[in-house]
Each structure stands twice: as C-alpha cells, then as structure tokens.
Amino acid sequence: MMPPRARPLSPHVGIYRWQIGNSLSILHRATGIALALGLLALCYWLVSLAGGEQSYAAAAKLFASPLGLLFLMGWTFAFLYHLLNGVRHLFWDVGYGFERTQRHVSGWFAILGSLALTVCVWGFIWAVHRT
C-alpha cells in the first residue's frame, strides 16, 4: 500500500496583493445592501408622513439628529457610487473599458466621483437650509 500524497493547498488570501477591482466589487455589493436598508428608512419616513403631524415630527427629528444625518449622507454616497459603478458596467456591457488602465481609472472615477457628488449634494442641502 502506498502512503497518501500530500495534496496541494489552495493559496491563502494573505499572499495576494490588494487589487482595486476586488475592492470595488465588494463596495458595490455593500452599497447595494446599504440601499436596501435605506429603503426601509424611506418607508419609515413615508409612513410617518401618512401618520400625521406628530409621527412626521418624530421621524424628522430622528433624521435630523447627527446619527440620522450620517446615515443619510452614507445613503447618498451608496446611491451615487452604485449609480456611477453601474454606468461603468454599462460601458463594459458594450465592450469599452476592459484595458487595465481604463478599468482602474473608471474605478477611481466611481469612488472619487461619488464622494465629490455626495459633498456637492449635502453642500447644496446645507446652503438651502441656511437661507
């Protein structure tokens, strides 16, 4: 009888270097989950709106709290990132942007663009609210 041979082990994640593509894919999934959770908050707001003045005031107070504003800003980022990354995927669907440099540039554009647009949206909300 022959002794059993040692089987090769799968490479551990620790030997791989960081890649933007994997991170963007994970971020896309995370923002999708954040959008689903934000939908629950939107439903809460709509139900409070239909529930009358007191329930709406309670919901408005919750969303205007520091934690509520942080949630809304995060939800805005999630929406904008998911949107820009979706546009990126639409370009891929028609055959553009598959080269390594193009993939990296479009990935960074999705991240930085969503950050910049989030700042612009909330800057606009802050400016309108001040007046």
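Predicted model: local features only at pLDDT ≥ 70, side-chain atom pairs only at ≥ 80, totals over all residues.

Biologist: What volume does the largest pocket have?

Modeller: About 490 Å³. A pocket here is an open set of points on a 1 Å grid over the protein atoms alone, where a 1.4 Å probe fits, with protein on both sides within 12 Å along at least five of seven lines. The volume is the space filled by probe spheres set on the points, with grid points joined across faces, edges and corners.

Biologist: Which residues lie nearest its centre?

Modeller: Phe63, Ala64, Leu69, Leu72 and Trp122, out of 18 residues that line the largest pocket. A lining residue has an atom within 4 Å of a point.

Biologist: And which helices supply the lining?

Modeller: H1 (20-50), H2 (53-64), H3 (66-93) and H4 (100-130) each supply at least two residues. H3 gives the most, with 6 residues. Helices are DSSP runs (H or I, at least four residues), numbered from the N terminus.

Biologist: OK, what about the second largest pocket, what volume?

Modeller: About 320 Å³. It is lined by 18 residues, and Ile20, Gly21, Asn22, Arg103 and His104 are the closest to its centre. H1, H3 and H4 each give two or more residues to that lining.

Biologist: Which helix gives the most there, and what are the classes?

Modeller: H1 gives the most to the second largest pocket, with 7 residues. The classes are 5 nonpolar, 8 polar and 5 charged.

Biologist: Switching to packing. At what angle do H3 and H4 pack?

Modeller: About 145 degrees, with the axes of H3 and H4 9 Å apart. Axes are lines fitted to C-alpha atoms, for helices over the stretch in contact, and angles run from 0 to 180 degrees between N-to-C directions. H3 passes H4 in a right-handed crossing (near helix turned clockwise from the far one by less than a right angle; anticlockwise is left-handed). The H3 contact with H4 has 15 nonpolar, 7 polar and 2 charged residues.

Biologist: And H1 with H3, left-handed or right-handed?

Modeller: Left-handed. H1 and H3 pack at about 130 degrees, with axes 8 Å apart. That makes H1 and H3 oblique to each other (under 35 degrees is roughly parallel, over 145 roughly antiparallel, 65 to 115 roughly perpendicular, the rest oblique).

Biologist: Back to Asn22. Where is it found?

Modeller: Asparagine 22 is in helix H1. It is partly exposed, at 46% relative accessible area (buried is under 20%, exposed over 50%, partly exposed in between, with a 1.4 Å probe and protein chains only).

Biologist: What about leucine 117?

Modeller: Leucine 117 lies in H4. It counts as partly exposed because its relative accessibility is 37%. Leucine 117 and threonine 76 are 41 residues apart in sequence and 8.9 Å apart in space, C-alpha to C-alpha.

How values were computed. Residues numbered from 1 in each chain as written. Heavy atoms only, no water. Nonpolar A, V, L, I, M, F, W, Y, C, P; charged D, E, K, R; others polar.
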